[in-house]
Amino acid sequence: MGFPKNFLWGGATAANQYEGGYNLGGRGLATSDIITEGSLNIPRKASIRLIDGTVTSIGRHDPIPEGAVGCIDDNYYYPSHVATDFYHHYKEDIALLAEMGFKCFRMSISWSRIFPKGDETTPNEEGLKFYDDVFDECLKYGIEPVVTICHFDIPKYLADEMDGWLDRRVVDYFTNYCEAIFKRYKNKVKYWMTFNEINLLNGYATLGTRKTDDQTRYQAIHHLFVASAKAVKLGHETNPDFKIGMMVAYILSYPETCKPEDVQEDLFASRDLKYFFCDVQCRGYYPAYKLKEFERKGIIIKKEQGDDEILKEGVVDYIGFSYYNSSVSSARKDTETTEGNVIRVMKNKYLKESDWGWPIDPLGVRTSLNYLYDRYELPLFIVENGLGASDTVEEDGSINDDYRIEYLRDHIAEMKKAIELDGVDLIGYTPWGCIDLVSAGTGEMKKRYGFVYVDMDDKGKGTLNRSRKKSFYWYKKVISTNGEDISLE
Ligand code: BG6
């Protein structure tokens, strides 16, 4: 009963929000490096240089004008540049994770640290060496690295010169990148994930395309699917023990009422937002509903010979997913919305919201696990979950983050029911931002998720010193009892 003996308790991070060292060790610029700071009310922007040399900024999901390239503008602060400096703190940080008893650690590799522009044939040895050291440090403590190959950003050069994922060549560059890291780390890393939240990738910083119409978007998404499937195939050839997963932002949704129109709207919205991505990556082909939609809208996906076979051969071994908040679907158009993970969602009057406006729905995590397991019967891995909250450091240095403990406790309780009562095959849990890092949505530091506090503010000022929050000791207890004791005290 309860969590399986080998359950992967851990925490999650991503290079663009945690690693820093953006211009060190031969690393090239990534698309995340030109994204400015922001806040809940001030959206983050992408800095660009127009064809006439003018430097300006645009919405980070907006299409970029023809001829414009990403650039750094001295008038802005770019949180990814130093982030919370894992680059220089990895030994100390991994020791803290080990102290909590972590069984695994989710992190991402920065593509432009391995291939600075993206199109090189030889990888950057200094970059490879950095991750060697990180993985060795994890393995020293018996911590299994769980690696996201691409967490939102790509080398800036590929976005500037090739229109990012719209350009088929980027699939080949991605495959080269995978080949380099699979070969190098084949005896150090077993768990991989191809694209973080593949269903939410959008805009310059991520897809890197200059247009946002459906035809363009789906063509770029097709390239992501092919790139992911090729990676899975290549990974299995490199080491048959590799476990390679997809990663989806699972935003559970409920119909607003039992009115058939609302229920149908929920079906369509769920397919569009999440199931389409899981269907292709878990089943190995485009679902009928999407092909019909393409037909209706006149969308024609340009495929290369062999793409359909690749999709079949590259189905994933497990589903990694993030779960932060749920949403509501309604046939009405005049709905009231609130914030949520990357996309705004309809308000749910039955749920409380975090200080950043994200609905809090622990029960929904059990429902989500069941929906996913019913549909795919694949192992599931919750690779992100957590409460973004601002913490207060007391005079004695303590940080009493009971609100974070309560959020995590309530979610873990529901995960346990999904395992015990529903028979769901859940293999691990890595709460987001286990050590404080920069918020992807707002670029803030004050929106924190960690068990470990990092002294750094929204403008990048601070000592970067690490300290243990109350949740640190709580999570340590949860892990040491394999999820049996999740009580607050
Ligand atoms: C997910 C991302 O969208 O949610 C992370 O994979 C992100 O990169 C996390 O940080 C939490 O979102 P935010 O906006 O609070 O940082």
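**Exercise 1. Sort the lining of the largest cavity into nonpolar, polar and charged residues.**

Solution. Start with the space itself, keeping in mind that this is a predicted model. The largest cavity holds about 80 Å³. Next, collect its lining: 14 residues, with A15, N16, R27, S110 and D153 nearest the centre. Now sort by class, and you get three nonpolar, seven polar and four charged residues.

**Exercise 2. Find which residues line the second largest cavity, and how they divide by class.**

Solution. First the volume: about 60 Å³ for the second largest cavity. Then list the lining, which includes Y324, W358, P359, Y407, K447 and Y449, along with the stretch G386, L387 and G388. Also among the lining residues are S354 and I360. Sorting this lining gives seven nonpolar residues, three polar and one charged.

**Exercise 3. Describe the largest pocket by volume, lining and class.**

Solution. Rolling a probe the size of a water molecule over the atoms shows where empty space is left. For the largest pocket, that space comes to about 830 Å³. Its lining takes in 44 residues, and R60, V342, A440, G441 and T442 are the ones nearest the centre.

**Exercise 4. Work out what flanks strand β6, and whether the strand is enclosed or open.**

Solution. Strand β6 covers residues 144-150. Take one partner at a time. Strand β5 (residues 104-108) runs parallel to β6 and is joined to it by five bridges; here M107 stands opposite V147. Strand β7 (residues 191-195) also runs parallel to β6, through four bridges, and T148 stands opposite M193. Then check burial: six of the seven β6 residues are buried, so the strand is largely enclosed by the rest of the structure.

**Exercise 5. Which strands pair with β15, and in what sense?**

Solution. Begin with β1, which pairs with β15 in the parallel sense over two bridges. In that pairing, L8 has G428 as its bridge partner. Move on to strand β14 (residues 380-384): it pairs with β15 over three bridges, again parallel. F381 stands opposite G428, the residue that also partners L8.

**Exercise 6. Give the strand order of the open three-stranded sheet and name its edges.**

Solution. The order is β3-β2-β4, with antiparallel pairing. Each edge strand pairs on one side only, and these are β3 (55-59) and β4 (69-70). Zoom in on β2 (residues 45-49) and β4, which are antiparallel over two bridges, with R49 partnering V69.

**Exercise 7. List the buried residues of helix α13 and say what covers them.**

Solution. Helix α13 spans residues 470-480, and its buried residues are S471, F472, W474, Y475, K477, V478 and I479. To read that pattern, recall that an α-helix has 3.6 residues a turn, so residues three or four places apart point the same way. Now look at the cover. It includes the helices α2 (86-99) and α12 (402-420), plus the strands β1 (8-12), β15 (426-429), β16 (452-454) and β17 (466-468). After α13 comes N482, with a positive phi near 50 degrees.

How values were computed:
Residues numbered from 1 in each chain as written. Predicted model: local features only at pLDDT ≥ 70, side-chain atom pairs only at ≥ 80, totals over all residues. Heavy atoms only, no water. 1 Å grid on protein atoms, 1.4 Å probe; cavity = no way out; pocket = protein on both sides within 12 Å on 5 of 7 lines; lining within 4 Å. Points joined across faces, edges and corners; volume = space filled by probe spheres on them. Nonpolar A, V, L, I, M, F, W, Y, C, P; charged D, E, K, R; others polar. Pairing = 2+ DSSP bridges. Buried < 20%, exposed > 50% of the residue type's maximum accessible area, 1.4 Å probe, protein only. Contact = heavy atoms within 4.5 Å.
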